[in-house]
Amino acid sequence: MTVAGTLAGVLPSGRRQPILRSSRPALALGGVILLVAGCAEDAPQDTWQPAGPNAQKIHNLQWPVFAIAGVVMLIVMAAIGWAIFKYRDRGQPLPKQTHGRPTLEIALTILPALILIGVAVPTVGTLFALAETDDTECYINVTGQQWWWEVDYPAQDGCGGIAEPIVSSGQMVIPIGTKVLVRGTSRDVIHSWWIPALNGKRDMVPGRLQTVRLEADEPGIYAGQCTEFCGLSHANMRMEVVALSPEDFATWKERQLAPYEAPAADTLAAEGEATFLGQCARCHQVNGILDADGVPFISQPELYVYSEAAPNLTHLMSRNTFAGASWDLLIPACRSEVWGAPPEEFGALYLQGITPECLNQVDLREWLRNAPAKKPMYADPTELAATDDKTRGMPYLALSEEQIDQVIAYLMERQ
Amino acid sequence: MAIIERPVPATVAGPVAPTVTPSSSLGVFRRPVTSSGWTSWVFTVDHKKIGIMYGVSAMVFFLVGGIEALLIRAQLAAADGTVLTADVYNQMFTMHATSMVFLFAMPMAAAFGNYFLPLQLGARDVAFPRINAFGFWSFLFGAIFINTSWILGGAADGGWFMYAPNSGVPFSPTNGIDMWAVGLVITGIASQTGAINLIVTALNMRTRGMSLMRMPVFTWMILVVQFLLLFAIPVITVALTLLIFQRQFGATFFSVDAGADPLLWQHLFWIFGHPEVYILVLPSFGIISEVLPVFSRKPLFGYPFVVFSGAAIGFVGWGVWAHHMFASGLGPVSVAVFSVSTMVIAVPTGVKIINWTLTMWGGKLVFSTAMLFAIGLVVQFTIGGLSGVTHSVAPSDTQQTDTYYIVAHFHYVLFGGAVLSFFAGFYYWWPKVFGKCLSERLGKWNFWLMIVGMNMTFGPMHITGLQGQPRRMYIWTEERAGEGFFNIAFWNRISSIGAFILAVGILLFLINVVYTHRRAPIAPLDPWDARTLEWMTTSPPKEHNFDSLPTVHALDEFFHRKYEDVGQGDEHDLRQVATAEEILAEQEANADHHIHLPSPSYWPIVLAFSLPIIGYGIVFERVIAIVGAVILVLAMFGWALEPSVADDSDYDPPEPEPGTGLATVGSTA
Amino acid sequence: MSDAGAGRPADEKTPGEGAPDLGNEPADTTNTVTETIDEIPMGGVPEPGATPTVDTGEERTHLTDMPEETADRDAHGGDAGTTGISNNKLAMWLFLGSECLLFGGLISTYMLYRGRHSGSLGPDQIYDLPFTSVSSFVLLMSSLTMVLAVSSVARGDIRNTKLWLCITALLGATFVGGQVYEFTTFYREGLGFTTSLFSSSFYTLTGFHGVHVTVGIIMLLALVGMVSRDRVTGDRSEVVELVGLYWHFVDIVWIVIFTLVYLIPA
């Protein structure tokens, strides 16, 4: 390697150095295409498929900015590509030692600034529009907890009128075309509520109450995930928003507030009720369940769970996911039917709940058999010193297969 | 064989290693006196040796962080991966980021800064050589300390951002987070002392004629970075202290039950964290601003703009931290303010891209490996910077944050920015530091594999992020993956394959280093026909850098000594009037007669050693901390009381024989 | 954007002006030596050809030169390469600048949490303003005595330097003693470190400050020792000024803390 050789652009081997213009800009261009086309398919959490006005506002702001960025990128790539091609060392003498051109540089500083001002103005507008809470038509509370979401509906005039509070988990049911305000907090660490099709995410911070707007245009099921790292099973903390027509929503509300119906005597479900009381009810509330003495049983998860709550299972089979919405209660065939249903058929399918032939026995049984083995949680009694011997998540209950049969039979009646 | 090739003198006989005899005072407090062997490294205060040690250590942690990344990608190559459990995965991504940010990128920038700042300034060392050594050893011991957590009960598992309350004891009962926090306080001490050192050096020890606006851009960027470090490290120290007090002493700073606000941590962390990312990337801008002009054969376009935009980035960078918190519930006013300020900072960053492109424009481009990496950086960083602009739009960011789209962004700016620049710096400066050029053939392979690997790994993350794949999750599922060509499953697989290609590329670099060490010929003094003062030395530079300190008359002083413009009027005709060898010979001929160099010392490493001992004491057994504190105090007094020099550390250039005419251009008759 | 003439030969030196001997300018302490606190023998450079002196080490706790150095540099055609303040002093200023951020973070934490003491003692109940005012006054006075120490050493008045340094250290120790008394009283009254957010923030903030004062006292005592051994004369006297800078900073931080923590009602 000689100085002269390097200066002449000749590599030690004597070959002329390769011209680079073709590959890099092409790679970049391909990237742009991929980026723009990335919105095309139907990942359930696709951020470029808005299904409600809030997400639509974001989308209307986002894609032009992407387009501008893409154009800028192409210009820069083209300039670099051209420079690489035109000004490569071909043995010419030392070039003019330009030190700069202030007017050009100032112009090229002002230009991006102007573009950004153009971006800033609608940004601020959209921001404030999305922070609006005065036009709320329905309030729904969420509480994040390691590693599931509690959803509760306070009694209110909104949402078409809710007479008594409704408590659910994992799936939030809303009426379409309604300005829902989600108010949320957490019982332990910071979580984040995110339903991409309907709006951006909002962190759920313990000790604070944060709000985020939700509104869906059409009936359907909209998937989301917790998006603030919350520990071991952060990946297994999902949720869905289910949007129903106002009539279907009224039906849903009615069923949620329907009084408790004990299983018929001498059925598997009745045995299940007893097992449930013995094994599950100390944490999982079922509204209206009576203990052996006929007294309404109130669960006390605060004694066993560090974050002091467990999902309310009163109407478990009216939803179609469980265990922090990490698994489906529906077998794949039924699931694709419900999830993929066109908007006009969706409500009826959803309101069917879980029928025995659609029940996903496999995952549910695995969960009941040994929950910590299925979903990473802190439930080993020997390792709970740091949390006052309380679990974070569901413990291993050592249920027999027979007990599992009973409990499933009982739960199937919780529609 | 020595790691560093002994310099081949340009004209005179090579320098003789100075003989030193022990000082006879005060027995125990003698200064160490070796000039070769491992002790000459362990007790050195020479900025060049310290720079090399920083570089080697940083490279080791780059590989550690890289292996952590490969494990992550192996886990995410398929749905419901089983390579790592959820617990280990959480530790893995926490330590990957920690290793890369704190144990690789910052020290690697320190390596380049330590080695080249004094040389580019025309100085012989930094202002406080022993503190410089102390800084390095603190960093190394802190880095090792953090990594011992893997075998001492588990590494930290709260993410490198360590949000509260998830960082509290109930949610992370192992010692991992404690060791992480204490270890980062220790490495923070290294950064802090290094910052003071380099600022004083740059402001006070420039050679004659070097005004601030004649400093190379690399030096400028390093200077800005040191100011950022100076003010940012105390903030993270406060945050880490509060965390340590919470976890170790039962304070309730982040306990919501006691009324704490978890957002306090986020604010403290990001007030550090945002300047931190500029700390990570500005040195890279500096390196590229050196490499591009040399291989474009023309000066940097718009030097003052580049310098001022760097300073502007450093300044405005303090006002954007809450863009990491757009979804945290700050309220629309705060969010709007930070959204706009984030857009503001895009402007000076864009200026640099423009200036680099215009540097190449109209030049005579030589595509050495260093230049390839430099051009690669401009391209990759543009992509990363533009995706950053899309984040600045706060409502959009609420869809993007905590997804892989963000992961794509920061890997493009950090890998495409910082890492590519380090490799450009390696290929550019290797002959100066080690006396040999890295193989260009292997270098091209190194470069292309890294570029392909990098784009294959991080490019698809734009897609998967926008498709809704969140970060920091040990698995992804088919159910959320979508179908069609752009589904998450396919692109995760591509990412994972790309990561291994990237690893091969990096492996090639290591092979190149070994190959060069064994086989390559000695390099000329100035193989790239460079522009700045560090090239006006032997390769490697003598211990005292310059035989006589140069007087600077212009920016790119070295280039101006080699070339003269003999054109008439508007015509330019650059003619070479001196070679590097001649310029060096002249320097040697006018060598300063008596050059005092700072002597090696035991105390920096001893003092640094006390820090992890105190650390283990805090985390495990308080008695150990007391022992460490005693060592600390004794070491400080030892430092203060040791003799100022070991004997005879002067360098006396050999006198050329009369009549040989070797010494200078135009020597005495 | 400088574009100075290109192609000038390496140095001003003209051919024939004597090769091996000091050509251009006398070897200049500024650039030939590294300026660290005890690296360089003061008083210029040995004569050319002189044998290097054996350094016994004891006498050599040196400071950087300053006035001589700048004069030297100025003599060589103006100088763009330095700020004009010594390395050590610049370093101290930078360090104090970073300390502002440290205390800023701790003060912010306190201000956020000062009202969060539900059920337990709050600032209004626990602070003893008269007592703290007196100890604040003591600390303020110690800054005055520090100034007197610095001016004494500038005049070369060793005896008074030692006196004022000792008094400063004593006043500082009195302040720290007052802090310790205050903390133990609070503790006995029920305000422990982990009692509430208010208490944790309070003790952390004032504790950090107290540690800084203590380190300052140690430095002051070390200075007294150095002055006794006659190692702080001439240009080396700058070290007293640097410790003074640190001490004043610690005092100013206390003024801020006292105002925000004690004086402004919660």
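Which residue forms a salt bridge with Lys562(B)? Hold that thought for a moment, everyone.

First, the ground rules. This is a predicted model, where local features need pLDDT of at least 70 and side-chain atom pairs count only at pLDDT 80 or more, while totals for chains, interfaces and linings use all residues. Residues are numbered from 1 along each chain as its sequence is written, chains are lettered from A and ligands numbered from 1 in the order in which they are written, and side-chain values use heavy atoms, with hydrogens and water left out.

Back to chain B. The partner is Asp526(B), with the closest N and O atoms 2.5 Å apart. Helix 15 (residues 557–562) of chain B holds Lys562(B), whereas Asp526(B) sits in the loop between helix 14 (488–519) and helix 15, 36 residues apart from it. By salt bridge I mean a side-chain nitrogen of Lys or Arg within 4 Å of a carboxyl oxygen of Asp or Glu. Helices are DSSP runs of H or I with at least four residues, strands are runs of E with at least two, and both are numbered from the N terminus. Both Lys562(B) and Asp526(B) are buried; buried is under 20% relative accessible area, exposed over 50%, and partly exposed in between, using a 1.4 Å probe and protein chains only.

Chain B has another one for us: Lys542(B) and Glu588(B) meet at 2.7 Å, N to O. Lys542(B) is in the loop between helix 14 and helix 15 and Glu588(B) in helix 16 (residues 580–589), so this pair ties together parts 46 residues apart in sequence. Lys542(B) and Glu588(B) are both buried.

Over to chain A. Arg365(A) and Glu401(A) form a salt bridge at 3.2 Å, N to O. Arg365(A) is buried at 16% relative accessibility, while Glu401(A), at 37%, is partly exposed.

Now look at strand 10 (residues 238–244) of chain A: 7 of its 7 residues are buried, so the strand is largely enclosed by the rest of the structure. Arg238(A), Glu240(A), Val242(A) and Leu244(A) point one way, and Met239(A), Val241(A) and Ala243(A) the other. Strand 4 (residues 171–175) runs parallel to strand 10, joined by 5 bridges, and strand 9 (residues 220–225) pairs with strand 10 in the antiparallel sense over 6 bridges. Pairing here requires at least two DSSP bridges between two strands. Tyr222(A) has Val241(A) as its bridge partner, and Pro175(A) stands opposite Leu244(A).

Finally, chain C, with 8 helices and 0 strands. Of its 266 residues, 48% count as buried.
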